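Here's a quick tour of one protein model, written for someone who likes cut-offs spelled out. Have a look at the fold first, then read on.

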Amino acid sequence: MPNSFKNFDQTSLYRTTDQLNYSVQNDSIYDIDEDDDIEWLNRPDEWNDDVRMKALFAPFRNRDINPLHYDNKIKFWKQAIISICTEKQILQFDQKKLEDLFTRKGKKPKCLELVINELLKESSISTREECLKPKSSMLANMFNKLIWSPLSWSTSYFFRASSSNGDSTSTYYSTSFTPKSPKQNANNSFSCQSPIKESDFKSYVFPYVIEAKSQEILRKLQSSVIYKNVECVIEYDRLTEYLSEIVDEHDLDFILKYLEVNEKILIVSSKELDRKLVKFCFNSNDKVIPLNEVEVSYLKLKDAFNKIELECSKLSAQADCLNKDIKNQLMSGNKNTALKILKKRKQLEKSLDSKENIMQNIETMMMSIQQADTNKTTMDVLIRGASALKEANKGISIEQIDDTMCEIQDIYEQNNEIEETLTRSPVNGKSVFDDKELNDELNQLLSQENNKANSTFNMDDLLNNLPSIPNDTPKKTDFKTSSSLIF
């Protein structure tokens, strides 16, 4: 190891200023201003450490110099990118946008290019173009991996080899993208990166975030549907306004493209209706179907209804103005003019009544179209129910039911006979007691009860038998308690 790194602590998580041994002439990268520009609630603890952030904001050095610091720096920025994009609900970003987001005390990190490449390599992020590719099936993936990729590589190799005119040095191989570590400069330990134009930055997305947001938008659209045969179509302008609370217009365009690629929505420009429409699937697991005649007819009826309703509103406003003019003319004494205005108002009212009748007919037709889907669903349910009931009664005939009922009736009759037999006396069908004796005992008990009832309590006799009240006044006498009394 070179002498300049002999005192470097390999176990330290971040290098100090002395250990970095800067030899870059442009030190403005590491100058710290007073104000912290970033607004980040879940920022890591290292963000407040100026020494560590100097090292983390610096370009990457060769990994062989300090693998531990290199890996920890990569890990820090990966977690930071995911954290800030999740917190701020960022669906699309590029290197410049990340640098602006992570601006600290007026300075931007100079190492995000390699971090983005690492995230691409592990498929944590993807480019916009890659995300908008349709999801292929397992069979298609196997075909691309086992047949198409080798075939395209071989074809490319032979064409390039034939165009090199025998110069082997001009032949190169098409390989998959692998992010390269910055090369070590001969004069210092930092790589000299060429400046990148703003137009050269690619846009990236988190695939799982895009999928979650697209499902959220799809569920919001589906929740507003009552009649799926006509209400799964919405105007593009109205859709943008409807979803403005959960996603901005720029991200909405990308998510709509993502949903369209995955056959969850269909964006069409209708010449008949002269506007842009979006049709979405009713169930998240289904694919969207093309716009049909029923939906187009319903939208035409809806447009006609809205147009006539607007005309009725204007006619009603004109009729109100004419009423005011009639009153003004009558107050001014212009009876003939008021009469002409009155005739005009009558014509407007007649036209208004006609248009209201047309609106009512259109509304009835629209409701019938809506109800047609409910009728169809009900019919399908009844057909399935009848089929299920038929399947449940399969193997059962009327003859079998009659035989079973007759058998049950015979069993009940036999059971009744058994019960009657069991209730009979076991002694020749007679009772073991004499009926005459039982009747005599019963009469005797009855006479005793009658005697008790006749001997009722007489209060008058009781009062007459009481002793008379004495006339003398009682006197006080001495009374000595005998010792022989025991209490």
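Predicted model: local features only at pLDDT ≥ 70, side-chain atom pairs only at ≥ 80, totals over all residues.

## The sheet and its helix

Strand E4 and strand E6 (residues 275-280) pair in the antiparallel sense, with 3 bridges between them.

Residues are numbered from 1 along each chain as its sequence is written, and side-chain values use heavy atoms, with hydrogens and water left out.

Back to the sheet: it is an open one of 3 strands, in the order E4-E6-E5, with antiparallel pairing. Strand E4 (233-235) and strand E5 (265-270) are the edges, each pairing on one side only. From one strand to the next, the twist averages 30°. Helix H11 (residues 293-332) lies across E4 and E6, and runs at about 130° to E6. Angles run from 0 to 180 degrees between N-to-C directions, using axes fitted to C-alpha atoms, for helices over the stretch in contact.

| Helix pair | Axes come within | Crossing angle |
|---|---|---|
| H8 (residues 207-223) and H10 (residues 249-261) | 10 Å | roughly 85° |
| H3 (residues 67-87) and H5 (residues 112-121) | 10 Å | roughly 80° |

The H8 and H10 angle makes this pair roughly perpendicular, a label that covers 65 to 115 degrees. On the H8 side the contact involves Ile210, Glu211, Lys213, Ser214 and Ile217, and on the H10 side Leu252, Phe254, Ile255, Tyr258 and Leu259. Contact means heavy atoms within 4.5 Å.

H3 is likewise roughly perpendicular to H5. Here Tyr70, Ile74, Trp77, Lys78 and Ile81 of H3 meet Leu112, Leu114, Val115, Glu118 and Leu119 of H5.

## A few residues up close

A polar atom of the Thr127 side chain lies 3.2 Å from the backbone nitrogen of Glu130. Beyond neighbours within four places in sequence, Thr127 is in contact with Leu120, Ser203, Tyr204 and Val205.

Glu263 sits in the loop between H10 and E5 and has a positive phi of about 60° although it is not a glycine. With 38% relative accessibility, Glu263 counts as partly exposed. Gln89, in the loop between H3 and strand E1 (92-93), also has a positive phi, near 55°.

Glu356 belongs to helix H12 (residues 335-392) and is partly exposed at 40% relative accessibility. Between Glu356 and Ile308 there are 8.1 Å in space, C-alpha to C-alpha, against 48 residues in sequence.

## The whole protein

Overall, the secondary structure comes to 15 helices and 6 strands. Of the 487 residues, 27% are buried. Among contacts between residues at least 6 apart in sequence, 69% join residues at least 24 apart.

How values were computed: Helix = DSSP H or I, 4+ residues; strand = E, 2+ residues; numbered from the N terminus. Buried < 20%, exposed > 50% of the residue type's maximum accessible area, 1.4 Å probe, protein only. Pairing = 2+ DSSP bridges. Polar contact = N/O pair within 3.5 Å; in protein donor to acceptor, adjacent residues only side chain to side chain. Parallel < 35°, antiparallel > 145°, perpendicular 65-115°, else oblique.
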